Amino acid sequence: MRKIKTILGFCAAAVLLFAACEEVESTDLTLDLTKKATVRAYVYAQLDQTIQGLEFAPNGTKIIVSIPNSAFNSSASGNWVDTATITNGLVQITVPATNAGVTVTFTPAEFTYEQVQAFGSNSATILKLYKSTTPGSLSTVKPSQIRTHEINYDDITAFDNFVEKVDLKFEGYADVDENVAGEFIPASTLINVYTSTWSTTVTVGAAGRFDVSVPKSEIIYFQFEANKALVGPPAEVKKYKYTSAYVAPSASTPVVQTLGFTDEVWE
């Protein structure tokens with residue numbers, strides 16, 4: 001019986017020792033988040049190019065705030081994470097801190113916005129994607145402090161499917177009758193207007209006039225087909241192809257541009 005009691009006593013001691021080890025290991029991974037500090041950030045973006053300087057980023061935009069868990073326990077991995085929302089250009093959030101100080105990192109969420117364009121631009125607004133490439137952080141944030149940071153959305157791009165166009169007016173000339181010199185393109189002629197990645201058609205009005213919106217700053221090509229009256233003998237009519245090219249400006253213009261066409265037999 002004494003032997004059995006001894007064995008039972010040893011097992012009980014082992015259980016207590018194992019339980020104590022478990023408790024120590026759990027204590028090692030405990031994070032002390034009781035001490036607090038306040039961090040805030042003013043967040044800017046170029047939303048309106050008719051206003052000098054930067055504007056506040058839109059209300060409701062999210063900012064992720066994070067601190068390495070190792071700041072609270074050297075054995076811990078991962079991050080303490082919370083999210084703040086911009087209101088009137090400001091985010092403010094309470095974060096855990098230590099007497100040694102913690103590093104608080106800001107990660108702004110991307111957003112889209114109809115950016116107002118500068119005076120004289122072809123488009124009043126352009127939908128753009130906003131990103132911040134250098135959001136930054138606050139270091140050595142300690143309990144009871146109020147620390148302030150500034151963030152700028154510095155990566156602003158239009159979407160790949162956006163093509164800015166300019167509005168142009170033309171007066172077209174083509175030799176569609178060898179008996180007449182310097183004649184306008186006939187009214188109702190259908191002209192193909194194109195680049196390597198875009199095309200449209202326009203119909204010529206009176207006096208060779210037509211209006212068209214084309215991609216800005218690109219080489220624009222024009223093409224149409226028409227029957228050309230040839231001087232004899234014998235007098236005859238043949239189909240010709242007419243072509244022209246024009247470098248589009250970077251801005252729309254109300255000035256009528258003169259456009260001449262060259263031709264070749266097309267039958």
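**Salt bridges and sheets in a predicted model**

Aspartate 32 and lysine 35 are joined in a salt bridge, in which the closest N and O atoms are 3.6 Å apart. The model in which this pair is found is a predicted one, and the structure holds seven salt bridges. Both partners sit at an intermediate level of accessibility: aspartate 32 is partly exposed, with a relative accessible area of 37%, and lysine 35 also counts as partly exposed, at 30%.

A second salt bridge brings together the side chains of lysine 228 and aspartate 175, at 3.5 Å from N to O. This pair links distant parts of the chain, since lysine 228 belongs to strand E16 whereas aspartate 175 lies in the loop between strand E12 (165–173) and E13, 53 residues apart. Lysine 228 has a relative accessibility of 4% and therefore counts as buried, the limit for that class being under 20%. Aspartate 175, by contrast, is partly exposed, with a relative accessible area of 29%.

Lysine 228 also forms a salt bridge with aspartate 263, the closest N and O atoms being 3.5 Å apart. Because aspartate 263 lies in strand E19 and lysine 228 in strand E16, this pair ties together parts that are 35 residues apart in sequence. Aspartate 263 is partly exposed, with a relative accessible area of 31%. Through shared partners, the salt bridges join Asp175, Lys228 and Asp263 into one network.

Strands E16 and E19 both belong to an open sheet of five strands, whose order is E14-E13-E16-E17-E19 and whose pairing is antiparallel. Strand E14 (199–203) and strand E19 (262–265) stand at the edges with a single partner strand each, so one side of each is left without a neighbour in the sheet. On average, and with direction ignored, neighbouring strands of this sheet are turned by 25 degrees against each other. Within the sheet, strand E13 (residues 190–194) runs antiparallel to strand E16 (residues 219–230), and three bridges join the two. Valine 193 has phenylalanine 222 in E16 as its bridge partner.

Another open sheet consists of three strands in the order E7-E8-E11, again with antiparallel pairing. Its edge strands are strand E7 (111–116) and strand E11 (155–158), each of which pairs on one side only. Neighbouring strands here are turned by 40 degrees against each other on average, direction ignored. Strand E8 (residues 125–131) pairs with E11 in the antiparallel sense over four bridges, and the bridge partner of lysine 131 in E11 is aspartate 155.

Histidine 149 is placed in strand E10 (residues 146–153) and is buried, with a relative accessible area of 15%. Its side chain reaches the backbone oxygen of proline 135 at 2.7 Å. When neighbours within four places in sequence are left aside, the residues in contact with histidine 149 are Arg40, Ala41, Tyr42, Phe106, Pro135, Gly136, Ser137 and Leu138.

For the protein as a whole, one helix and 19 strands are found, and buried residues make up 33% of the 267 residues. Among contacts between residues at least 6 apart in sequence, 63% join residues at least 24 apart. The protein exposes about 15600 Å², of which carbon and sulfur atoms supply 54%.

Methods:
Residues numbered from 1 in each chain as written. Predicted model: local features only at pLDDT ≥ 70, side-chain atom pairs only at ≥ 80, totals over all residues. Heavy atoms only, no water. Pairing = 2+ DSSP bridges. Axes fitted to C-alpha atoms, helices over the stretch in contact; angles between N-to-C directions. Buried < 20%, exposed > 50% of the residue type's maximum accessible area, 1.4 Å probe, protein only. Contact = heavy atoms within 4.5 Å. Areas by Shrake-Rupley, 256 points an atom, 1.4 Å probe, with all protein chains shown as cover. Polar contact = N/O pair within 3.5 Å; in protein donor to acceptor, adjacent residues only side chain to side chain. Salt bridge = Lys/Arg side-chain N within 4 Å of Asp/Glu carboxyl O.
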